[in-house]
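Work through these exercises with the model open beside you. Try each task before you read its solution.

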Amino acid sequence: DYMARIVNLEQFIAQYPFKPDTREREWSFILDDPLLAWNQGSFTLRIDPDGKGTVVRTAERHSARIDIQTMTTMLLGYKRPDYLHKIGRINCDPDTVDMLEDAIEQQTPYFSDYF
């Protein structure tokens, strides 16, 4: 058994197929990654109406928090954002959970070249 791991969040998100929507969506959070410094810190995720995501590093501290294992689990479709929020793996407000639920396909796990 193996565990997938996102090694570069910015590259991964640039390739990731979010669901399109009528509006731009945004989420600012602190990402914890004990192994990779470039995955550690404050970020803002923006998803355009076409479903194209970008992640930028930000200077401010955010109250929302997630670790790299949880981010991987959520984006690869192993577990839904709602469930991860309920068990305390994502620390964010309910509106963000709803946005993530809408933005992430309920699908078989997604694989990319960016592991």
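The exercises below go from the overall fold to single residues.

This is a predicted model, in which local features need pLDDT of at least 70 and side-chain atom pairs count only at pLDDT 80 or more, while totals for chains, interfaces and linings use all residues. Residues are numbered from 1 along each chain as its sequence is written, and side-chain values use heavy atoms, with hydrogens and water left out.

**Exercise 1. The overall fold**

Task: Find how many helices and strands the protein has, and give their pattern along the sequence.

Solution: 
- Start with the rule: helices (H or I, at least four residues) and strands (E, at least two) are DSSP runs, numbered from the N terminus.
- The protein comes to four helices and five strands.
- Along the sequence the pattern reads α-β-β-β-β-α-α-β-α.
- Next, burial: buried means under 20% relative accessible area, exposed over 50%, and partly exposed in between (1.4 Å probe, protein chains only).
- Of the 115 residues in the protein, 44% are buried.

**Exercise 2. The sheet**

Task: State the order of the strands in the sheet. Then say which strands stand at the edges.

Solution: 
- Two strands pair if DSSP finds at least two bridges between them.
- The five strands form an open sheet in the order β3-β2-β1-β4-β5, and the pairing is mixed.
- β3 (53-57) and β5 (90-91) are at the edges; each has a single partner strand, so one side of each lacks a neighbour in the sheet.
- As background, strands of a sheet pair through backbone hydrogen bonds, either parallel or antiparallel.

**Exercise 3. Strand β2 and its partners**

Task: Describe how β2 pairs with β3 and with β1. Which residues stand opposite each other?

Solution: 
- β2 (residues 41-47) pairs with β3 in the antiparallel sense, over five bridges.
- Here Phe43 stands opposite Arg57, and Leu45 has Val55 as its bridge partner.
- Glu26 stands opposite Arg46 in β2.
- Finally, six of the seven residues of β2 are buried, so the strand is largely enclosed by the rest of the structure.

**Exercise 4. Ser42**

Task: Is Ser42 buried or exposed? Which backbone oxygen does its side chain reach?

Solution: 
- Ser42 lies in strand β2.
- Its relative accessibility is 5%, so Ser42 counts as buried.
- Contact means heavy atoms within 4.5 Å. Not counting residues up to four places away in sequence, Ser42 touches residues including Phe29, Ile30, Val56 and His62.
- A polar contact is a pair of N or O atoms within 3.5 Å; within protein, one must be able to donate a hydrogen and the other to accept it, and residues adjacent in sequence count only if both atoms are side-chain atoms.
- The side chain of Ser42 reaches the backbone oxygen of Glu60 at 2.8 Å.

**Exercise 5. Glu24**

Task: Where does Glu24 sit, and which residues does it touch?

Solution: 
- Glu24 is in the loop between α1 (9-15) and β1.
- With a relative accessible area of 47%, Glu24 is partly exposed.
- Glu24 touches Arg46, Ile47, Asp48 and Pro49, not counting residues up to four places away in sequence.
- Glu24 and Gly53 are 29 residues apart along the chain, and their C-alpha atoms are separated by 9.7 Å.
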